[in-house]
Amino acid sequence: MMEYFIGVDGGGTKTAYLLCDEEGRVRAQRSAIGSSYRQHGFETVFHNLGENVKALFAEAGADERALCGIALGLPLYGEQAESDRRLREGVASLFAGAGTLVVNDVDVGYMGSLAGKPGINIVAGTGSIAFGRDEGHNTARSGGWWEFFGDEGSCYWLGRMTMGLFAKEADGRAPRAALYRLVREEFGLGSDFEFVDIIERDYAPYREKVASLQVILEKAAKEGDPGAVALYREAAHELALAVRGVRDQFCFGNEFAVSYSGGLFKAGELVLAPFRQEVGEMGGRLCTPLLSPVMGAALLAFEQFAPERFDAAVRALLEQEGK
């Protein structure tokens, strides 16, 4: 019977699922809501994981009993021992009979972006964190603490900075530029102070909605708003600090690979250009991601449960992506 491997890339906003056959060929994939137990609760997370895996096998026309291994990158994993235990046990019970591996979502971003080669990956989506692995498979991370005192350089962090920049442009502490106009248009403001009520009621309680404000900042930066452009440079600096934090825990050679994943990088050179410069100054070489985080999760499943097939799976996925 053909064996199958599943990768899951869970985030605060959405979760990606990928089903591969034993040769690494993609047989089904789908996207669903986020998988943070802090936002949705453990039981909802487990229910959604089970239903989406069933849907993958149905789409592929395959038997769920042929699942050999599943690797899940889940937000918050590795931060609280009791919660980690609940995640591991819940996943093991859900997919009894298959090998299960639960890691932080940054692990799958790394595996996808560098296809298992030594180096560092920075994830900047709703939150931000850096993760690396050296030649000896030793791992280290930096950043990713909590939105109240961490996640610098992330979409959530930039969403908060967007609010602050609007306030400064509104009351004269910064020159009025594109962001001021775009926020007023987006929210249909009659008075600038209406913004406070909207944010307090509809945005502040929801991390992913605060993160979505980064899209307005991106538009403003592309229109040349100097304050918006400066915030992307500041975000790049914060992400580079996280990369440095991982680098300093390893003994890399004169040059080391750095890649990236996460929604923030859809802003392109606004963040990549200053990030590339800072990474280069510390000896890093910025690399375009080879594979997506969910493909990285699938590779982790191969590495853990069928290591003899790992290299073939890497080749198959790279070929599918035209690389």
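**Close-up views of a predicted model**

**View 1. Strand 4 and strand 5, side by side.** Strand 4 and strand 5 pair in the parallel sense, with six bridges between them. Here, two strands count as paired if DSSP finds at least two bridges between them, while helices (H or I, at least four residues) and strands (E, at least two) are DSSP runs numbered from the N terminus. This is a predicted model, in which local features need pLDDT of at least 70 and side-chain atom pairs count only at pLDDT 80 or more, whereas totals for chains, interfaces and linings use all residues. Residues are numbered from 1 along each chain as its sequence is written, and side-chain values use heavy atoms, with hydrogens and water left out. To find your place in this pair, look for A71, which stands opposite L101 in strand 5.

View 2. Strand 2 (residues 14–21) and strand 3 run antiparallel and are joined by seven bridges; L18 has Q29 of strand 3 as its bridge partner.

View 3. Buried means under 20% relative accessible area, exposed over 50%, and partly exposed in between (1.4 Å probe, protein chains only).

View 4. N48 sits in helix 2 (residues 42–60). Is N48 buried or exposed? N48 counts as buried because its relative accessible area is 18%. Leaving aside residues up to four places away in sequence, N48 touches Y17 and I33, where contact means heavy atoms within 4.5 Å.

**View 5. Helix 13 and its packing.** In helix 13 (residues 310–320), the buried residues are F310, A313, V314, A316, L317 and L318. These residues pack against strand 2, strand 3, helix 4 (105–114) and helix 12 (293–305). Just after helix 13 comes G322, with a positive phi of about 70 degrees.

**View 6. F148 in its loop.** Look for F148 in the loop between strand 8 (139–143) and helix 5 (155–171). F148 is exposed, since its relative accessible area is 65%.
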